[in-house]
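Hello,

Here is the structure I promised to pass on to you. Have a look at it, and then read on for some notes on its charged pairs.

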Amino acid sequence: MSINSSRAEDTQPFRDRADDTQPVNPVPIRGRASRGRRWPLLLLVAVTCCTLVISSVLFIRSLPPDLLASIGAERQVTINRDGYPRQVSTRAETIAELLEESDIAVPLDASLSHDLEDAVSDGMTITIRSARDVTIEVGDEVQVLRTALDNPLAILSSAGIAVTSDDRIRVNGAPAYADALADWTVPAEHIEVRRPLSLTVIDDGGRSTILTTAETVGAALAGSGIELHPDDETKPPRDSAVSRDMTIAIERAIPIALRLDGVLIEVRTQTQSVDDVLQELNAPLFGLDYVIPSGDTEVVTDMLIEIVRVTEEISAQQETIAFELRYVADAGLSLDQTVLAQPGQIGTREIRSLARYENGAEVSRNITETVITQPPQDQLIHYGTTIDLRTVETPGGPRLYWRGLCMLATSYHPAALGGDNVTSIGWKLEKGIVAADPKIIRYRSEVYVPGYGAAVMADTGGPRSSRYWIDLGYSDEDWVSWRRYVKVYLLTPVPPEIDYILPAWTPIRSVPGGCNT
């Protein structure tokens with residue numbers, strides 16, 4: 001036994017003393033050898049402990065500061081249960097722990113926006129949607145589905161029911177279309193799907209097949225483009241309910257219409273040809289008049305007969321000749337400077353022609369002679385092509401610019417676009433991004449706006465009342481409202497291609513004033 005060992009019944013290790021109950025060790029040299037063999041083991045244990053401590057310290061120091069700060073921190077979480085949000089403070093690490101802490105049991109048929117094993121983060125919203133009964137009618141079959149889904153297309157899919165554009169669909173009693181169900185926002189409580197039925201139509205001996213979702217015979221015929229006159233009869237009657245494989249027979253009268261001198265006369269006749277109809281109605285033709293269709297045409301149901309009254313007239317007209325506007329490049333002028341070099345003058349000519357009128361409306365005019373009485377004079381405008389680089393003072397120091405434009409400045413941010421934060425060229429919408437007409441300011445051009453700063457043209461908007469309009473981009477956090485005229489400076493470098501002639505500047509009627517310089 002080593003002199004430094006301890007016993008379970010003692011409260012302190014033995015000090016250097018002899019064992020009173022055992023004879024003195026006759027060979028003390030062996031005890032010294034045993035103690036010598038333990039030193040390597042004790043050294044190994046000490047080295048292992050130090051290695052573990054150092055590894056733990058290095059691991060903790062490698063963790064991100066925000067993760068260390070969040071461990072055990074209290075978080076603000078919103079629990080939205082069936083449209084009733086509630087904010088709670090929690091130190092729970094997972095969704096399951098948070099729900100248990102909040103004494104919330106999620107039914108098996110309910111939907112949960114997150115997995116129970118997901119970690120809880122500050123500011124997150126957890127949505128719980130309880131299941132409810134939804135009635136689904138497909139033809140004569142009715143079923144009640146218990147579901148937590150709101151969208152009618154998702155509900156039908158979960159029930160194994162497919163719909164097509166030929167089906168007539170009602171959601172909560174309102175008409176719906178199959179291709180729009182995915183965007184339906186009101187929770188569905190009752191869904192009705194009426195499949196198209198095949199009907200046979202016999203119309204004056206002709207047989208056809210139609211597909212319809214209408215409920216009555218009259219609605220089915222109208223929906224298929226089959227027009228009925230009040231005097232026509234159908235078997236079964238028009239107000240009869242539509243049933244599968246139904247046959248509808250139409251017994252028609254012989255209606256026609258006569259258009260004469262701009263008046264439409266609807267009549268019914270037993271005559272055989274168009275000439276017979278005109279004679280029966282006492283509607284003769286005169287001079288150049290003609291009838292559509294021709295007089296020997298057989299009368300058919302719903303025929304339109306039109307008498308066209310024809311006259312001709314020789315006339316002479318004075319007509320103006322517009323002058324052309326021509327732009328001429330002038331290196332002696334600076335960019336955006338223009339000079340009217342020659343005013344334009346309108347010319348005149350006399351046109352002599354033979355006009356043909358049908359029912360009082362001109363249908364043709366054949367020019368017999370054209371005489372120019374005054375030739376037009378083109379308008380010439382010289383525009384500058386010399387680019388003068390100038391300097392504008394900015395918070396970051398003077399910057400060179402090659403063009404200045406007076407524009408109405410407004411501002412926008414992602415929230416104003418429904419959360420859309422991607423520009424038309426794919427960049428992120430934030431401060432430093434502006435939107436304008438790319439025919440005024442080219443994409444990726446760098447500009448400077450006093451009061452806003454330097455920016456890049458990377459977006460465009462919808463139609464504006466003036467093309468000299470610029471939208472200053474912001475993120476949702478730093479948005480500032482703008483609506484005033486500013487001088488927009490197009491910074492260097494000068495692009496290789498320049499639009500020397502810009503549209504005429506027009507003010508915005510709702511915004512008075514303009515740019516001072």
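**Salt bridges**

Glutamate 446 and arginine 399 form a salt bridge, with their closest N and O atoms 3.3 Å apart (a salt bridge here is a side-chain nitrogen of Lys or Arg within 4 Å of a carboxyl oxygen of Asp or Glu). This pair links distant parts of the chain, 47 residues apart: glutamate 446 is in strand β27 (residues 446-449) and arginine 399 in strand β25 (residues 397-412). Strands are DSSP runs of E, at least two residues, numbered from the N terminus. Glutamate 446 is partly exposed at 30% relative accessible area, and arginine 399 is partly exposed at 28%. Buried means under 20% relative accessible area, exposed over 50%, and partly exposed in between (1.4 Å probe, protein chains only).

A word on the source: this is a predicted model, where local features need pLDDT of at least 70 and side-chain atom pairs count only at pLDDT 80 or more, while totals for chains, interfaces and linings use all residues. Residues are numbered from 1 along each chain as its sequence is written, and side-chain values use heavy atoms, leaving out hydrogens and water.

The whole structure holds 23 salt bridges. One of them joins glutamate 319 to arginine 349, at 2.8 Å between the closest N and O atoms. Glutamate 319 lies in strand β18 (residues 310-321) and arginine 349 in strand β21 (residues 347-358), so this pair ties together parts 30 residues apart in sequence.

Aspartate 471 pairs with arginine 464 in a salt bridge, the closest N and O atoms being 2.5 Å apart. Is aspartate 471 buried or exposed? Aspartate 471 is buried, at 10% relative accessibility, whereas arginine 464 is partly exposed at 38%.

Best wishes

Notes. Helices (H or I, at least four residues) and strands (E, at least two) are DSSP runs, numbered from the N terminus.
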